[in-house]
Amino acid sequence: MSTKNGNGTAATGGPIGKSVKRVEDKRFTMGHGKFTDDIVLPGQTYAAFVRSQDAHAKILSVDTSAAKAMSGVVAIYTGADVVGVNGVPCGWQVNFKNGNAMKEPKHPLLVADKTRHVGDAIAIVIAESIEEAFDAAQAVNVEYEELPCVVDAFKATQPGAPLVHDDVPNNICFDWVLGNPIEEVNAAMSSATHVTTLEFVNQRLIPNAIEPRCYNSSYDPINDKYTLYTSTQNPHVIRLLMCAFVLGIPEHKVRVISYDVGGGFGSKIFHYTEEALLTWCTKQIGRPVKWTAERKESFLLDAHGRDHITKAEMGFDSNGKIVALRVKTYANLGAYLSTFGSCVPTYLHGTLMQGLYTTPKINIDVTAVFTHTTAVDAYRGAGRPEATYLLERLMDLAAHEMNIDPAELRFRNFIPPFDGINQPGYQTQVALQYDSGNYHAVLEKGLEMLGYEDFRKAQKESANNGKLLGVGFSTYIEACGIAPSAVVGSLGARAGLFEFGQIRVQPTGKVTVYTGAHSHGQGHETTFAQVVADKLGISMDDVEIIHGDTEKIGFGMGSYGSRSIAVGGTAIVKSIEKVIEKGKKIAAHLLEASADDIDFANGNFTVKGTDKSIAFGNVALTAYVPHNYPKDLEPGLDFSSFYDPANFTFPFGCHIAVVEVDKETGQVALKRFIAVDDFGNIINPMIVEGQVHGGVAQGVGQALFEGAEYNDHGQLTNASYMDYCMPRADDFPIFETATQVTPCPHNPLGVKGAGEAGAIGSTPAVVNAVIDALWSGGHEVKDIRMPLTSERVWRAMKN
Amino acid sequence: MSIKITVTVNGVKHTDKVEPRLLLVHYLRDVLRLTGTHVGCDTSGCGACTILVNGKATKSCTMLAVQADKSKITTIEGLATNGELHPLQDAFNQCHGLQCGFCTPGIIMTASDLLKNNKKPSEEEIRVALEGNFCRCTGYENIVKSIQYAADKMSAPRARKTKKEATV
């Protein structure tokens, strides 16, 4: 694997580009990680919730009197107690096609009037122990009047459907359109010689970070100061939302800390009601309050992902060139708008409809709908997996229908290579401008790894021995490095999406780095230290990465959207540049030269063309012991930077799945999985490969195993690990991975981000492979609903 | 009503009065403050709470503290000896067998039981042995490699252990 930076120069031989072992591992492997539930504060109390067992019910009465009299109970609050408190906000405003703002019904901390999904919180019980809290919660008596409910996004928009919010007609939060005018797309579609149509469901998924959400909030009345320990992906964002939008607490009076977080995958981005409610409660009772979700609560309350109902049509000319794409999607938002629920099916989904193809006319229409279900928001990939699934399923199906090889069909339609420097970025029909790409090459590499010709021979032979072999392709693109603030602001984001990074050089030349990005498994303590050590020419042992504490870190927007290295890493690089610039001034003074004549390389400041040099550590010491020092220069060597990216980054790649389908049972076995990804430059190949593995496992999980199942009564019928089929170790083959490097042209590291690609590219590859297997057996099947259980595949073969 | 139990955890004897309904995992976490053992679910599904009870991998959320009376328990905190990492702990670092680290203690304890009974497990045997443990981050592949790596180290002659470790 070659590593180049953005302007094409080779890496320095420092830690960048090397598979350095992770520095954070020791505390986890020894059992000394510091997760939120590990923290117990003096005077600790524990919270349990009374939650709705009905999806939609009027609350007639809540009787807490018996519960309040029970042993150990400290306090009980109901919806009536927090009627005057704001609900949790949505961070992205999407407008209706007619320009009106989306509907934003209140998402209260506790419901007082009616429940809108199973698990809606009715009361919080705080006690001396968690057992006493559970006991008392059981004793709270709630009288309900059950109401009819609706769980399906399309049905919810139909006349007569029960309303989730009385003031939201037809349960429509907003409707939205992007791309070319529909008339132009219709005309192009009419000119097509073949149109492939696919109606499908991208099923609802449950993120299932293995660490349940946990919050521990405390209040210091002497200093009027709150501290919230929380399992979040973005502590500063939580502080801002909770202080400014929910509780009206001055931001400087709240410290939010998230030390080790046990996986997020998007589900820990959002500001949840429990965070604000516990913070409200701690002041009421004057003691710390802790809540740890039970797994059932994780199933019922962590924001879910996906849940789209879509009809997509792709038109081709007689040469197999795409002439038009037309899409209609109903996106299920659940009962309430989660923090980024509105932008996932729109700006993270519609904007990816170009894919890797030169499609000249595109129109996507999205209706976002409230239902009596758990809120839906970003889950690994967030909108981009849905877009990729749509496009890549269409491509393989069109190939079958037109009897063109699926790889060949892609080659005919790929956007030609462009590096974003000598060739401009590629302007899509759906708002984005891709930064750099070389799409043919990843597919060629994938076909080579697969041994495509041999595979097709083996496929013909396998049909004779009771098994159907199939191969599925997915050539994906994603928009990462989220995001240029002005761009997202113009699209409705209510926040900037820059990042903060501070380099504090200590007097001895050791470096403490403060980053607004947050690691919950990604290995920032290693990757960021590699960048700093490389750029400053010092040992990684001399670099410490600090994250996850609003009191220590200047600001931060957190980690999601594969943004940590592209945005957070760049903020750090900008601060390093400032350190070096000031260091040159100090070195120039000490070496009696002009700052312009000082070079910095390999940890030494050197006068150009001479052997006069001074080490980084000596310059640092001088900055803090400024006895012999430039006259007009401040002491110290400590810089921070905010970095607002110029564009999104656009990783891409080719995923190929090979499956074997049992003709008798429909059982699918994943035999091979090939991932060729282009993330731009790579800082730590080992960590990046780990990200690919994890993402692919989740994407394959969607294709073959996972899916939230609601019945008509709004009950989530598989809300446990006994019922929701999470992938286990024996569900996967060894993954075959490779990377290609097309540097990002607009950030100094040339990086694009790698966190979500596995989950974005893999799902359609697996489903396409099963469909291909069935076609090879003479079953001309268009679609099988995910997850592809043996029953569903068997039925598809029988019908 | 409380019941007196005596357990030896990581070589240290503890006697405590506990409620009969107290789960072993909560005894370890809340009473002994050994927080390396995690709770990821309440239904024995995820395996994050796996410890060794009398040498056998056991999900400590499935067992009451009173059932552990008179037993010998090893948790993740007790796996290293005299500050030296157990080969599994080192292997997970060498092979990138963890990301967020939440499931890791349970998986390492499960693996330690496996390697006691099967010195040289195949890839398939390792994957089957892990069927009681969820990892949502890694896709399991590097966990499998970590366990293979540790098995190789543990079965190697003593002298070889001091050699510089090859990159995997």
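How many helices and strands are there in chain A?

1. Chain A has 19 helices and 28 strands. Keep in mind that this is a predicted model.

2. Start with overall dimensions. Along the principal axes, the C-alpha atoms of chain A fill a box of roughly 85 × 75 × 50 Å.

3. Next, packing. Of the 799 residues in chain A, 58% are buried. Take the contacts in chain A between residues at least 6 apart in sequence: 81% of them join residues at least 24 apart.

4. Chain A is divided into three parts: domain 1 (25-30 + 498-643), domain 2 (36-147 + 212-261 + 268-301) and domain 3 (381-482 + 649-798). Each of these domains is built from separate stretches of sequence.

5. Now the pair formed by domain 1 and domain 2 of chain A. Their centres, taken over C-alpha atoms, are 40 Å apart. Domain 1 of chain A gives 13 residues to the contact, and domain 2 of chain A gives 14 residues. On the domain 1 side, 8 residues are polar, 3 are nonpolar and 2 are charged.

6. Chain B also meets chain A. Here 41 residues of chain B touch 42 residues of chain A. Four helices of chain B each supply at least two residues of its side: H2 (87-94), H3 (104-117), H4 (123-129) and H5 (141-155). By class, the chain B side that touches chain A has 19 nonpolar, 16 polar and 6 charged residues.

Conventions. Residues are numbered from 1 along each chain as its sequence is written. Chains are lettered from A and ligands numbered from 1 in the order in which they are written. This is a predicted model: local features need pLDDT of at least 70, side-chain atom pairs count only at pLDDT 80 or more; totals for chains, interfaces and linings use all residues. Domain bounds come from an automatic or database domain assignment. Two residues are in contact if their C-beta atoms, placed from the backbone, lie within 7 Å. Ala, Val, Leu, Ile, Met, Phe, Trp, Tyr, Cys and Pro count as nonpolar, Asp, Glu, Lys and Arg as charged, and the others, Gly among them, as polar. A residue is buried if 20 or more other C-beta atoms lie within 10 Å of its own, exposed if 12 or fewer, and partly exposed in between; C-beta atoms are placed from the backbone.
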